[in-house]
Amino acid sequence: MRVSLRWLQEYVPVNLPVEELAHLLTMAGIEVAQVIHVGDFWQHTFVGKIVEIKRHPNADRLQLVTVDYGQPEQPTLVTGATNIAEGDVVPVALLGAVLNDAYSETPQRIELKPVVLRGIKSEGMVCSARELGLGEDHEGILILDPSAPVGTPLQDYLGDTILELDLKPNRSDCLSMINVAREVAALTGERLRQPATHRLDTPTLPTVRVDIKEPELCARYAAGVVIEVTVGPSPRWMQDRLEAAGMRPINNIVDITNYVMLEFGQPLHAFDYDTVADGNIIVRRARLGERLTTLDGEKRDLTASMLVIADPNGPIALAGVMGGLDTEVTSETTRILLEAASFSPTSIRRTRQALALPSEASKRFEQGVPPELAPLARDRAIELIAEIAGGRARSHAADSYVRPQQRPEIEFSAEDISRLLGMDIPLTVAAEKLRPLGFSYRRQNDRLHVAVPLHRQDVSCAADLVEEVARTVGYDNIPTTMPAGPLPEARPAPLRVWTDRAKQTMVGAGFAEVITYSLTNSARMARLLPKGVAPELPAGPARDVAEAVLPLHAAPLELKNPFTSEASTLRTVSLAGLLETLAANLRRQPHDVRLFEIAPVFLPEQSKLPEERRLLTAVLGESRTEQWGARAVNTFYTAKGVVDQIMWRFGIAAYHFAPVQHPTFHPYRAATVTARQGRTDQVVGIVGEINAEVSAAYDIDQRVLALVLNLGALVDLARETPQFAPPSRHPAVVQDLAIVLDAEVPAERVVREVRDAGGDLLESVELFDVYQGPQVPDGKRSLAYTLTFRAPDRTLNDNEVNKIRDRIIFKLQVSLQATLR
Amino acid sequence: MADGTTAADIVAQLEALEREAQDKLAEFTSDSDVNEWRTAYLGRSGKVTQLLRGLGGLPKEERPRVGQLANTVKGRLAEALEARQAAIQRDQLAGALQSEALDVTLPGEPVRVGQLHPTSLVLNEILGVFERLGFQVVEGPEVEWDRYNFAMLNIPADHPARDMWDTFYVEAEPTKSFGSMLLRTHTSPVQVRVMEDTPPPVRVVAPGRVYRNEATDASHEAIFYQVEGLAVDERTSMADLKGVLTAFAHDLFGEKTRVRFNCSYFPFVEPGAEVSISCHVCDGGGCRVCKHTGWLEILGCGMVHPSVLEAVNYDPARYSGFAFGMGVERIAMLKYGIDDIRYFYSNDVRFLQQFR
């Protein structure tokens, strides 16, 4: 809502700086988004009268205009405009004036300098609305009202201040100048002046018959009639006000309906009476198959959910949304049927949504227009029509009020205020705050019975009245305290706690946290599979991985109303988004990109909300910045080390890796992560190198390592508190052991055998070398371990250690056919 | 030793000998020379010892004085030797260290630590403040029912206030009691779920991802993070709300921050308010960041609407509460001076690495 300060002052005196007024309104819940000073840049610009127009001697398209602006000298201006005549009153900008550049796309100011046009010196300009910042119109010169005072600085005559209100849905009553004025009056202590309306009653006018078939959708329909009107432009002052409010002037009848709507907040519609069959207005639902050509020239198919205004021949308007073309007021119109009605907000809202037809009228109806307003606005408009467009009128031609609204009385007490605000306000003070807002009340002992004014449909309970009191007292005056009372018992939140710990671990491991869109589409997720590979996997480890952390086979939840097809589906997998993000980063910087995210994927469930499974996903490119002393590339083992680190942080010791062939991953460079819970093994994730075909689909031209872990499952397995074991005071015996065995034998198997044979005294087994090459037979490899032996209670002697070592070697020879190197 | 040697002669010889020894010592540079010197002056057949043998020719009463002097010289030379040896060792060490010289201007070994996303950093900070004020962190689902996201929050179907949230709906059969499935437009449904499950008093904050079906631009994202808070008890008041949020603003933006509450509207609170803080860039003077108003709007809040309390079977005559909600990215933008919300989902490491 754009509120012209000039117009507003017709209803309430404003005796404070506009910035202060804007602040007061904003603090009280009527947010002033912007204060626009119209014409604040007009200097050397006056109201002028055209005394003479001559042809430019050297140019057919230019004219020489001599103007009177109240000074002895009468400057001559060169103009290309053609809409002017001698005697017209126009804005005249003299040298030094600042105007908007009408030919610039972006707002730009230019200062008027002396200019010679085809040999004639121009001493200024006559201006268009656009040049003055008054509108978009640059078709011709802005013609002012003939009564405009010649010689007055234009700023004094046309300058204005616009308060642009950003109204919340509850305060749609302020889509009315009068109601804004009421707020201003209440906040500044001034008196509200409402326009007085009179009913006109010419007895011999044609009649209007109103039949409301849908009382639920139309509570009231009032109509007035004016005959012998002359349709033409409305007076300049009215056009100015409509333009200040952001509306386009059309003709006097339409302008008056808009003007009164802006004044009262009641949308009105004018029909050409002669096009309404039998003068009979029928308010009913549209019938299937009915069509209506609306004012914008569009043929619209109607449905039974839409409320229409019809005459006996069929629909003539979409109730509260838009009028019909056939019953439009035109320059030929002489008889007017004016509608002031109250429609159901829901019905208007649905019709507006179905036809995508927002209008100033529907905006107001959707927020609810009180039925009491209809006759008041109608009477005001009829009076204005008779005054401006001439003719004879009957204000009260019809008024069908089929569903009278009850205005509830609200009871409240000082205790309500004190309890909600934490501040004591005497009931008498509260009552005095409510009165200028239009509330009336009676007091009964310690309670106030408050009648809500008709325009405040948002007020329906004691809390609403407390807000009215609070906002007029000023929120700033409410004290500041801290909540007393007992603190509720703490609730455990293991998922959140462990999520934080996992994030810290990943950050420590060198990964940057990303937050990717949880909305994607099926094609984007399917890029995780090489072309031609079906998402359904046969039973086995790969299928287990899919079920746990990569459910590409699950049908995702789709959005009904996506904003873009790129983000139309709730993701079931997280890896796709991470690879997209990795690819984008690698394009800019090919080295050292390590990313992780902890976020849910959404797995649909039958008639329930989807399971939101929280996954930890990490990706990294193999490439590292070349730097002396640092490793050349990241490998599978880099990613695997990260899994170990997470497991260590979670206190999970019973887990292992096993090879897996999942289509998203390199068939020989990926492993399931399996944790033991009780006696069962559970796949909790996957780590590996991404299949080159898949990374190529993301335009990544280096090897990519990835890991996906089911964080929720890890939380279930996590051990909150580490258990202390005293460090041994006795020295360790450290020995190296190098063996040669089939390259196929997994290293984990070797360690298991070593540990089995080593028993309790074998403290640790650390791999320090892996060798495969000319020094060992074909198909074999050498593994070298550092074995640390230690007893908790004594110093081990060599003899003891050698015995264990022999046992280990024997075990390796027997079970794995290993030989000592 | 010739007869007639006097004490003075011996003393003079001693002094000369000491000078000679000291001079030689000063020239020494290696261990072997020092040993030679030690043998020559301090050894059993060294020069000082030999000189002392001449003591026998001195009168008895002079012997102690000259003997004492000789011992002193011997002691001084031994000390000088020790000092000289230490100096030589130091020189040798210095030479060895010099051969180990490093170019200290070469780069340090990078410690490869990652970083949390700025949204997480600020979210942690926000939650930290409220946890210190006794609020507990709770989470809820991102895919919700209409019932929790709207209906129980005093936003019935076709309520004009629904236009305040552009909602994504999910392709799923609506149920009779829960309505349509949708992506939550705020974390308020978490509050409803908490109140449904627990009797008052309640004091929680609910962080999480929320969704709005709207075009993205510098200040709007379709997905962002919110933190909402809720406190319900007997006599919880708007003054308490002001207290908690003022403490929050001071904690997050500094003690000097001024906090402003103005009347506003959210269907689930009444009275409702918006909170602005004095612009920390211009300190309220007006600048580009605050659009020359001196104030930055940071959150919405109010007293829980009686209809919401009734919906969860809390007696509004006995209990009252306050609720507040803020956009995490918005707070992060203000804190870090980020001018476009789309950076948060760009996940450009050059952006991410700026925060710690």
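These questions and answers walk through a predicted model with chains A and B.

Q: Which domains does the domain assignment give for chain B, and how many Å separate their centres?
A: Let's start with chain B. Its domain assignment gives domain 1 (7–98) and domain 2 (118–352). Taken over C-alpha atoms, the centres of domain 1 of chain B and domain 2 of chain B are separated by 89 Å.

Q: How far apart do the C-alpha centres of domain 3 of chain A and domain 5 of chain A lie?
A: The domain assignment of chain A includes domain 3 (209–401) and domain 5 (494–717). Among the others are domain 1, written in two pieces as 2–39 + 162–188, and domain 6 (733–820). The C-alpha centres of domain 3 of chain A and domain 5 of chain A lie apart by 60 Å.

Q: Which helix gives the largest share of the side of chain A that touches chain B?
A: The contact draws 74 residues from chain A and 68 residues from chain B. On the side of chain A that touches chain B, the residues divide into 38 nonpolar, 19 polar and 17 charged. Six residues, the largest share of that side, come from residues 462–473 of chain A, which are helix 12.

Q: Are helix 1 of chain B and helix 4 of chain B roughly parallel or oblique to each other?
A: Look at residues 7–27 and residues 63–98 of chain B, which form helix 1 and helix 4. Their axes come within 11 Å and cross at roughly 0°. Angles under 35 degrees count as roughly parallel. Helix 1 of chain B and helix 4 of chain B are therefore roughly parallel.

Q: Why are helix 5 of chain B and helix 8 of chain B oblique to each other, and at what angle do they cross?
A: Helix 5 (residues 118–132) and helix 8 (residues 238–253) of chain B have axes that come within 10 Å. Angles over 145 degrees would count as roughly antiparallel and 65 to 115 as roughly perpendicular. The angle between their axes is roughly 135°.

Q: Is the crossing of helix 5 of chain B and helix 8 of chain B left-handed or right-handed?
A: At this contact, B:Glu125, B:Ile126 and B:Val129 in helix 5 of chain B meet B:Phe248, B:Asp251 and B:Leu252 in helix 8 of chain B. By class, these are four nonpolar, no polar and two charged residues. The crossing of helix 5 of chain B and helix 8 of chain B is right-handed.

Q: Which residue in strand 6 of chain A stands opposite A:Gly48?
A: In chain A, an open sheet of five strands has the order 5-4-3-6-11, with antiparallel pairing. Its edge strands, each pairing on one side only, are strand 5 (76–79) and strand 11 (124–126) of chain A. Inside the order, strand 3 (residues 45–55) and strand 6 (residues 89–94) of chain A pair over five bridges. Opposite A:Gly48 stands A:Val90.

Q: In what sense do strand 13 of chain A and strand 16 of chain A pair?
A: Another open sheet of chain A, also of five strands, has the order 13-16-19-20-21 and mixed pairing. Strand 13 (209–212) of chain A is one of its edge strands. A:Ile212 stands opposite A:Val283 in strand 16 of chain A, and over four bridges the two strands pair in a sense that is parallel.

Q: What is the bridge partner of A:Phe657 in strand 33 of chain A?
A: Strand 32 (residues 655–659) and strand 33 (residues 665–677) of chain A run antiparallel and are joined by five bridges. They form a hairpin with five residues between them. The bridge partner of A:Phe657 is A:Val673.

Q: Over how many bridges do strand 36 of chain A and strand 38 of chain A pair?
A: Strand 36 (residues 733–742) of chain A is joined to strand 39 (residues 819–820) of chain A by two bridges. With strand 38 (residues 780–789) of chain A, strand 36 of chain A pairs in the antiparallel sense, and A:Asp742 has A:Lys780 as its bridge partner there. The number of bridges between strand 36 and strand 38 of chain A is ten.

Definitions and conventions. Residues are numbered from 1 along each chain as its sequence is written. Chains are lettered from A and ligands numbered from 1 in the order in which they are written. This is a predicted model: local features need pLDDT of at least 70, side-chain atom pairs count only at pLDDT 80 or more; totals for chains, interfaces and linings use all residues. Two residues are in contact if their C-beta atoms, placed from the backbone, lie within 7 Å. Ala, Val, Leu, Ile, Met, Phe, Trp, Tyr, Cys and Pro count as nonpolar, Asp, Glu, Lys and Arg as charged, and the others, Gly among them, as polar. Axes are lines fitted to C-alpha atoms, for helices over the stretch in contact, and angles run from 0 to 180 degrees between N-to-C directions. A crossing is left-handed if the near helix is turned anticlockwise from the far one by less than a right angle, and right-handed if clockwise. Two strands pair if DSSP finds at least two bridges between them. Domain bounds come from an automatic or database domain assignment.
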